[in-house]
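Let's have a look at it together.

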Amino acid sequence: MARTALVTGGSRGIGAAISKALKDQGCNVAATYAGNDDAAAKFTEETGIKTYKWNVGSYADSQAGIAKVEAELGPIDIVVANAGITRDAPFHKMTPEQWQEVIDTNLTGVFNTVHPVWPGMRERKFGRVIVISSINGQKGQFAQVNYAATKAGDLGIVKSLAQEGARAGITANAICPGYIATEMVMAVPEKVRESIISQIPTGRLGEPEEIARCVAFLASDDSGFINGSTISANGGQFFV
Ligand code: CAA
């Protein structure tokens, strides 16, 4: 039986690779995006994966969007909370707006994405919740007080959900990507990026597909005993 998967931020970057990997694994996939209509249309044209537009920072929008996905594709079995943004600034320059935007999308967005699908997963006694955290939630990062706080918070969400969902056949796990070759990392000033790459023992950025393969593994029916875990995929840059 084909599983239905929802991937937030699923039309670009790491999310696009995840959407494609889950489709290749036989899932019906819905990919959400926040604003870039052209990229979403191109993604659907190239992959055949349906895209849905909503702001994960809004509970009402998430609830309505998820209801639409479930009406069109069926009950969601796999949810990948991947949507994330950066608003980097040294702490003394960080504005309350930069703090709030990142909290709304990266942290509250995970609540808004998982909460509406959770009762259905409990009823059907199956679910896979996968949250894309970050190496910077594990180690902190200069200019990312906001982002690191949300990504560390994601780990708390997953470890708690793992305990609540276990008896209902639901697993919740996190992946902490290191620096991956996406637009987000390419937006970092080149000199800073070069210095980051020099700190990665493998000597290169990761590829989105290297994260997508971790997600596909955790999303499979066979991974039921892996629950509450964090997979670090960072080229050896940081060990927990
Ligand atoms: N460690 C220590 N000091 C650092 C530093 C670091 N990593 N990065 C910058 N600094 C220092 C600079 O050398 C500079 O010092 P001086 O004033 O003595 O010269 C100071 O901090 C920066 O001051 P600026 O006023 O120039 O800073 P700015 O307001 O222009 O901000 C920045 C610049 C936003 C920090 C920019 O350098 C930047 O974007 N850095 C990258 C941050 C980063 O790594 N973000 C990760 C994005 S990718 C991602 O988030 C995905 C993921 O999950 C891995």
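What follows covers the ligand's surroundings and then some salt bridges.

This is a predicted model, where local features need pLDDT of at least 70 and side-chain atom pairs count only at pLDDT 80 or more, while totals for chains, interfaces and linings use all residues. Residues are numbered from 1 along each chain as its sequence is written, and side-chain values use heavy atoms, leaving out hydrogens and water.

**Around the ligand**

The table lists polar contacts, meaning pairs of N or O atoms within 3.5 Å.

| Side chain | Distance to a ligand oxygen |
|---|---|
| Lysine 93 | 2.5 Å |
| Glutamine 141 | 3.2 Å |
| Glutamine 144 | 2.9 Å |

On its own the ligand exposes 1,100 Å², and the protein buries 56% of that (accessible areas use the Shrake-Rupley method with a 1.4 Å probe).

**Salt bridges**

Now for the charged pairs: the structure holds nine salt bridges, each a side-chain nitrogen of Lys or Arg within 4 Å of a carboxyl oxygen of Asp or Glu. In one of them, lysine 53 meets aspartate 37 at 3.1 Å, N to O. This pair links distant parts of the chain, with lysine 53 in strand β3 (residues 50-53) and aspartate 37 in helix α2 (residues 37-47), 16 residues apart.

Is the pair of aspartate 154 and lysine 151 buried or exposed? Aspartate 154 is buried, at 0% relative accessibility, and lysine 151 is buried too, at 3%. Buried means under 20% relative accessible area, exposed over 50%, and partly exposed in between. Their closest N and O atoms are 4.0 Å apart. Both sit in helix α7 (residues 145-165), and because they are three residues apart, about one helical turn separates them.

Arginine 204 and glutamate 210 also pair up, at 2.9 Å from N to O. Here arginine 204 is partly exposed at 40%, as is glutamate 210 at 28%. Finally, Arg3, Asp77 and Asp221 are linked in a network of salt bridges.

Terms used:
A polar contact is a pair of N or O atoms within 3.5 Å; within protein, one must be able to donate a hydrogen and the other to accept it, and residues adjacent in sequence count only if both atoms are side-chain atoms. Helices (H or I, at least four residues) and strands (E, at least two) are DSSP runs, numbered from the N terminus. Buried means under 20% relative accessible area, exposed over 50%, partly exposed in between (1.4 Å probe, protein chains only).
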